[in-house]
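Please look at the structure below with a helix and its surroundings in mind.

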Amino acid sequence: MVANITTNTVTIFIDGKEYQVAAGANLVDVAKWIGNDIPVFCYHPKMEPVGMCRMCLVEMGSAFDPKEKKIVRDEQGNPVIKWQPKLNTACTQKVADGMAIRTTTQVVDDARQNVVEFLLTSHPLDCPICDKGGECPLQNLTMEHGPGASRMDFSDKQHLDKHVPLGDLIFLDEERCIQCARCVRYQDEVVGDDVLAFHERGRRLQIITKSDPGFDSYFSGNTTDICPVGALTTADFRFGARPWELTETPSICPHDAAGSNISLSTRLDRDFGGRAMIKRVMPRQNEYVNEIWISDKTRFGHHFTRDTESRLLQPIVKGAASDWNTALPLVAEKLKAAGGDVAAIAGASMSNEDLWTLRQLVTGLGGKKLGAWPPTHAGAEAVAAAGIGVGSNLSKLGKGDAILVIASDLEEEVPIWRLRVKQAHDRGAYLVVMNARSTRLDDFASETIRYDYPEAAGAIELLKSQYAEYFQKLTGAANLVVVMGAEGLTLEGSAALSQAAANLLIETGHVGKPNNGLLATLPGANGMGQHYLGFTPQATQDIIAHPPKALIVAQADLLLDDPNAAAWLDKVETVIYLTLFKDGIPAKATALPIQSFAERDGSFVNGERRVQRFYVGQGPLGDALPAWQLASRIGERAGLGKQKLSAASVMLDITKNVPAFAGCTYAELSKVERQFPDVGGVDLYYGGTAYQNKGGLGVQIPSAADKGEKVAVNGGGKGSVSADGKLLVVPTTRLYNRERTFRSSELVHPRVPDAFVEINSADAKGMGIANGDTVRVEFGSGAVTARAHVNGGAPRGSVVLPRHLSDDPAPLYITAGSVSKV
C-alpha cells in the first residue's frame with residue numbers, strides 16, 4: 001500500500017475492486033501505487049494539486065454512510081455506492097473510507113479525449129525533432145487517449161516563439177507549453193526561488209522569467225524533467241541526441257556531500273572517437289538522499305570528464321610525456337628510496353577503492369601519514385560518532401521537529417540539503433540558522449542568529465547562554481538535526497564546533513535514532529570515506545609542517561587551493577601526482593593520469609554516511625587508469641603483492657578489513673526497493689523523466705550511537721583567530737566557481753562571477769573603497785585581486801572572499817589580512 005503517508009487505512013473501490021489504502025493519501029498516488037494509473041499533466045506527487053489540466057477526471061461516489069459511520073453493503077456484501085452526477089478531478093481528492101471511482105467508463109474516456117484534443121489545437125507537430133520525443137507524456141497520452149484525427153482548422157493555429165531563453169541554461173518553446181504550471185509551482189513551492197510566472201491570458205498564456213539574471217536558480221534543470229512536454233529544454237542537451245539512442249548508467253554526483261543519485265545518459269559518439277560519451281545527466285530517484293532532484297551543478301558539471309584539452313592523457317616524467325612501462329618502475333623505485341618516509345594527501349572526490357589501495361601502498365612502504373584534502377573541515381569524526389541516525393530521511397522532518405544550521409552557506413555548499421531543509425521548514429519544522437553573515441537559507445528560517453566570526457567556534461555556547469528560548473525549542477523537539485559547516489573557522493575551530501554540536505545532540509538524546517543527529521558539509525563527494533579509511537585533515541597539517549621525503553598527491557589541487565603549497569612542496573624530494581588534469585602540477589612532480597568518476601566503477605560515502613555505488617558510463621581518455629588500479633600497480637612493482645583485478649575485489653577487501661564497511665559489498669550496495677512516489681516508469685506523466693533507481697540505494701554506515709555505544713565527543717579549544725588590528729579574511733564557497741572540475745562546463749560560465757570580495761560599508765568607507773573598485777586582498781604569503789562588493793554582505797572587521805573565483809588561491813582558513821585599492 002502507499003507507504004510513508006500514515007499507518008491508518010481505509011477501504012476504497014476502484015473500477016469495482018476493493019482496496020485497503022493509507023488514509024489521507026492523494027487519490028492519484030493511491031491509484032498509481034496499486035497499478036491503476038490515472039493520467040495527469042499538471043499534477044506531480046512532489047507538489048500540491050491544483051486541478052488545472054482536467055486530465056485526471058473520474059466518476060466519483062461513496063458507499064460510506066456518515067450517520068452510521070460505516071460502509072453500506074447489500075446482502076451479497078457489495079458496496080452500495082451513491083455516484084455523483086459530474087466528473088471530479090482525482091488529483092484534488094484525498095482517499096476516505098468508502099470512496100469509489102470509475103476510470104474506464106465511456107464518459108471518462110470522452111473527457112480525456114476532449115482534454116487531449118484541446119491541448120493539441122495549437123501544439124506544433126514537431127515530435128520528430130523535439131528533444132522530448134520518445135519520453136513525452138503528451139505524446140504517450142495522445143496515443144492512448146487522443147482523437148485519431150484533428151477537427152481544428154490549421155489556419156486557427158496559434159503561432160508563438162520557438163526559441164526563448166529563460167536564462168543561460170533553459171530554453172522555452174512557447175508553442176509546446178500546455179500551461180500546466182509545473183515549472184512555476186516547482187520553483188515556488190519546492191525550491192523557494194519564485195523566478196517564473198505566467199504572462200498574458202487565454203491561448204496566448206506563456207511562461208516568463210521575472211529574475212535578473214533570467215531563471216536565477218540553482219535548480220532550474222529540474223523543471224525540464226517535470227515538464228510534461230518539450231516546452232523546456234536544457235542548453236546542454238538541446239538537439240544533442242534522441243532519448244531512445246541513450247544508454248543509462250547509474251552514478252553519483254562527484255561535487256558535494258549530498259551524494260545525489262544520478263543517471264548518466266550516454267551514446268557512442270563520433271565526436272568522441274566512437275566511445276560512449278555523456279550527453280546529459282539526469283536525476284535518479286533515491287528518497288533518502290536527493291528524492292528526484294539534482295542541482296544544476298550536478299546536471300551541468302560533467303564536461304571535465306571528456307575535456308581532452310585539460311585532462312592529463314599520458315604519464316609525465318621529468319617534464320616530458322612518457323608511458324606506463326617507464327613511469328611505473330620509476331615511481332616504485334623513488335618511493336622505495338624514501339626509506340619509509342612516505343605520505344599521501346588524497347582529495348575528497350577519491351573513491352573508497354582509491355583511498356584503500358593508496359593507504360595500502362603508503363603503509364606498505366612504511367609511511368603513516370594519510371592526509372585529507374582540503375584540510376578545512378574537522379567534523380567527520382563527530383559525524384561518525386553522533387551523525388544522523390540510520391534510516392533517516394530529511395523529507396520526514398516536519399511539525400514538532402527542529403533543524404539547526406551553523407557556520408554554513410548551505411545553498412552554496414550542499415544545495416540539495418538546502419532544498420530539503422527548506423521543505424522541512426515548509427512542513428512545520430523549526431529552523432534556526434546561525435552565521436556571521438546572511439545566507440540564502442535565512443529566507444526560510446524560523447529564527448536567525450548573528451555572531452562575530454571570532455565567536456564561530458563557540459556558537460553552541462552562545463546559543464545556550466544568549467538565546468535560551470531558541471535553545472529550548474531546538475532541544476525540546478521530537479527530532480533534531482544539526483548541520484554544521486566550517487565558514488569562519490580554522491581547523492581547530494571546526495573541531496571545537498563539531499564537538500560542541502555532537503555533545504549537544506548526545507546530551508539531549510537526539511542521537512542513535514532516525515532523523516536525529518549531526519551532518520557536516522564536508523567538501524567533495526567522499527569526505528566521510530576519507531575519515532573511515534584513515535585520511536584526516538590533521539595529518540595534512542602534519543605533512544605541511546613536516547614535509548616527507550616522498551609525497552603522493554591524489555586528485556588534490558594543492559597549488560590551486562593553498563597559497564602556501566608551492567613553498568612547502570618545494571621541501572619534498574619526490575612528488576607523485578595522481579591527477580585528472582595537466583595543469584596545477586609542480587614542475588618537479590611525476591604526474592600520472594587517472595580516470596574520472598564517469599570512466600570507472602567505485603563508491604562514495606556521502607555526508608549521511610551512506611555508501612553508494614557508481615558505474616562505468618563513459619569511455620576512458622588517453623592512458624588514464626582508475627586511481628585504485630594505479631596505486632595497486634605501483635604497489636606490485638614495489639614488492640607489496642599482486643595488484644587487485646577489479647573495483648569489486650577492492651571493496652570486498654575493504655569490507656573484510658574496515659569494520660565500518662562490513663556488509664558493504666557491491667551486491668549489497670546495488671539492492672533496490674520500490675519507492676514512494678513511484679516515478680520513472682513507462683508512463684512518465686506522473687513523476688517526469690527522473691529515472692527509477694536500478695543501480696542501488698546504498699548502505700548506511702551506523703554511527704557509534706546507532707550501535708548503542710556510549711558516545712561522548714571530547715571537548716577542544718576554541719580555535720579562534722585574532723585579527724591583530726587587521727581585517728579578518730574569511731574564505732567562503734560559491735557553487736559556481738572556477739575549480740578544475742567545473743571550468744570545462746562553459747555553458748555555466750555566464751553564471752560564474754568575476755573574483756570579488758565583500759567588504760563592510762563602514763570598513764570600506766574608512767579605506768576609501770567604493771562598490772566596484774578593484775582591490776588587492778593580502779594575507780600571509782598570498783594575495784588575490786578582486787572587485788569590491790560593498791553591499792552589507794560582510795560583518796564589520798571582516799571581508800568575505802569566495803574561493804576559486806580567481807587564478808590566485810584564497811586562504812585555506814580564516815586569517816588576518818588587509819585590503820587596499822588598486
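The buried residues of helix H12 are covered by elements that include strand E21 (402-406), strand E22 (430-435), strand E23 (447-450), helix H13 (468-475) and H14, where contact means heavy atoms within 4.5 Å. This is a predicted model, in which local features need pLDDT of at least 70, side-chain atom pairs count only at pLDDT 80 or more, and totals for chains, interfaces and linings use all residues. Residues are numbered from 1 along each chain as its sequence is written, and side-chain values use heavy atoms, with hydrogens and water left out.

The buried residues of H12 (under 20% relative accessible area, with a 1.4 Å probe and protein chains only) are Ala 459, Ile 460, Leu 462 and Leu 463. Seen down the axis of H12, these buried residues fall within an arc of 160°, so they line one face of the helix; the arc is that of the directions from the helix axis to the C-beta atoms.

The axes of H12 (residues 459-466) and H14 (residues 491-507) come within 8 Å and cross at roughly 50°. On the H12 side, the contact is made by Ala 459, Ile 460 and Lys 464, and on the H14 side by Leu 497, Ala 500, Ala 501, Leu 504 and Glu 507.

Elsewhere, 3 strands form an open sheet in the order E14-E15-E16, with antiparallel pairing, where two strands pair if DSSP finds at least two bridges between them. The edge strands, each pairing on one side only, are tabulated here.

| Edge strand | Residues |
|---|---|
| E14 | 247-252 |
| E16 | 275-283 |

E14 is joined to strand E15 (residues 261-269) by 6 bridges, and Glu 248 has Ser 265 in E15 as its bridge partner.

Key:
Axes are lines fitted to C-alpha atoms, for helices over the stretch in contact, and angles run from 0 to 180 degrees between N-to-C directions. Helices (H or I, at least four residues) and strands (E, at least two) are DSSP runs, numbered from the N terminus. Buried means under 20% relative accessible area, exposed over 50%, partly exposed in between (1.4 Å probe, protein chains only).
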